[in-house]
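Please find below my notes on the model, arranged as numbered points for a colleague who will want the cut-offs alongside the values.

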Amino acid sequence: MEKLRIVFMGTPEFAVGILDTILKNNYEVVGVITAADKPAGRGQKIKYSAVKDYALANNLPLLQPTNLKDEGFLSELKALQANLQIVVAFRMLPKVVWEMPSLGTFNLHASLLPNYRGAAPINWSIINGETKTGVTTFFIDDKIDTGAMILSSELAIQESESAGNLHDRLMELGSHTVIDTLKLIEKGNVATIIQKEDSDIKTAYKLNKENCKIDWTKSALEINNLIRGLSPYPSSWCFFADKNEEWNVKIYEANLINEEHQYAIGSIICTKKEMKIAVKDGFIQILQLQFPGKKKMSTSELLNGISFSEEAKVH
């Protein structure tokens, strides 16, 4: 059995959960690679990645290259003498990096590959109304999320689950799957499966302002799935229009109501405590939202301070 010397590469909170589990299972992590520091927020203060915060707190050797092909970085990486690299939510690696360790480089991806290759698999599995998802470990090759698969683990997506909740459950599932993968590699028992290429494969496109905007002409189910799939981050959004004013509003939580009605699509219907939006096959009941310059709040909190006319609409 070969003793593993691991370099871990990752950036967000999802990766921290995996790294923490690796350490708690007494594997040796000889180095951590994460994104360079960036200014963030209104004050443009320098913000560390979640993985950097964790690495510093646990005294792990840390590298933050801006160029993964830089000779200085490659020398530092080689000097760590890792025989295995693990990648979780980082970035595409050049061949010179992923082929460096003798036991290879594997990635944990938050989907059941080959479906949902790409940047936002957790979000798109909910947006597209999937009933199950999971995680996959695979050896990295020269394309994105296409390498030979090692292990996959599946879980059911709950009916009203948000992307935030699914993220946490997949992080836990991914932690166990990474440990199982490490045990196979340690024992030399890895049997990989080549990913099938198929025209029906679904893609986890990068999220942007356009694909996060709510299209109120879609069905109640599709709209509710979008809201769930983008909550809490980056959040779905739309315009609220009333009394010659317009607001860019983020929507974090909603319910769908399948019910016939005579309202125009996009009409805002309010009581003192409740708000619903008319769609073609029912209503979307808004539960939590955020107006510009305001904090995230429940609909009842919002309606304490603002009222809408009968002509109010979303678009």
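**Notes on the predicted model**

1. In this predicted model, the side chains of lysine 3 and glutamate 28 meet in a salt bridge, with 3.7 Å from N to O; the term stands for a side-chain nitrogen of Lys or Arg within 4 Å of a carboxyl oxygen of Asp or Glu. Lysine 3 lies in the segment before β1 (5-10) and glutamate 28 in strand β2 (residues 28-33), so the pair ties together parts that are 25 residues apart in sequence. Helices (H or I, at least four residues) and strands (E, at least two) are DSSP runs numbered from the N terminus. Lysine 3 counts as exposed at 56% relative accessibility, while glutamate 28, at 29%, counts as partly exposed; buried means under 20% relative accessible area, exposed over 50%, and partly exposed in between, with a 1.4 Å probe and protein chains only. Lys3 and Glu28 also belong, with Arg5, to a network of salt bridges.

2. On conventions, residues are numbered from 1 along each chain as its sequence is written, and side-chain values use heavy atoms, with hydrogens and water left out. Since this is a predicted model, local features need pLDDT of at least 70 and side-chain atom pairs count only at pLDDT 80 or more, whereas totals for chains, interfaces and linings use all residues.

3. The structure holds 10 salt bridges in total. Another of them joins the side chains of arginine 117 and glutamate 197, at 3.0 Å from N to O. Arginine 117 lies in strand β8 (residues 117-118) and glutamate 197 in the loop between α6 (163-187) and β11 (203-204), so this pair ties together parts that are 80 residues apart in sequence. Arginine 117 is buried, with a relative accessible area of 13%, whereas glutamate 197 counts as exposed at 58%. Lysine 295 forms a salt bridge with glutamate 301, where the closest N and O atoms are 4.0 Å apart; lysine 295 is exposed at 53% and glutamate 301 partly exposed at 39%.

4. As for the chain as a whole, the protein has eight helices and 18 strands, and its C-alpha trace spans about 70 × 45 × 30 Å along its principal axes. Of its 315 residues, 48% count as buried. Contact means heavy atoms within 4.5 Å, and residues 24 or more positions apart account for 64% of the contacts with a separation of 6 or more.

5. Which residues of helix α2 (residues 50-57) are buried? They are Val51, Lys52, Tyr54 and Ala55. These residues cover an arc of only 165 degrees around the axis, which puts them on the same side of α2; the arc is that of the directions from the helix axis to the C-beta atoms. The cover over the buried residues of α2 includes β1, α1 (13-24), β2 and β5 (62-63). Just after α2, asparagine 59 takes a positive phi of about 55 degrees.

6. Two further residues deserve a backbone check. Alanine 89, in the loop between β6 (84-88) and α4 (95-98), has a positive phi of about 55 degrees although it is not a glycine, and its relative accessible area of 35% makes it partly exposed. Aspartate 145, placed in the loop between β9 (132-139) and β10 (149-156), has a positive phi near 60 degrees and is buried, with a relative accessible area of 9%.

7. Cis peptide bonds should be noted as well. One joins serine 231 and proline 232, with omega of about 5 degrees, and another joins tyrosine 233 and proline 234, again with omega of about 5 degrees. Proline 232 is found in the loop between α7 (220-229) and β12 (236-242), and proline 234 lies in the loop between α7 and β12.

8. Is threonine 299 buried or exposed? Threonine 299, found in helix α8, is buried, with a relative accessible area of 4%. Leaving aside neighbours within four places in sequence, threonine 299 is in contact with residues including Lys273, Met275, Ile286 and Leu289. Serine 307, in the loop between α8 (299-305) and β18 (313-314), is exposed at 53%, and with the neighbours within four places again left aside, serine 307 is in contact with Asp242 and Lys243.
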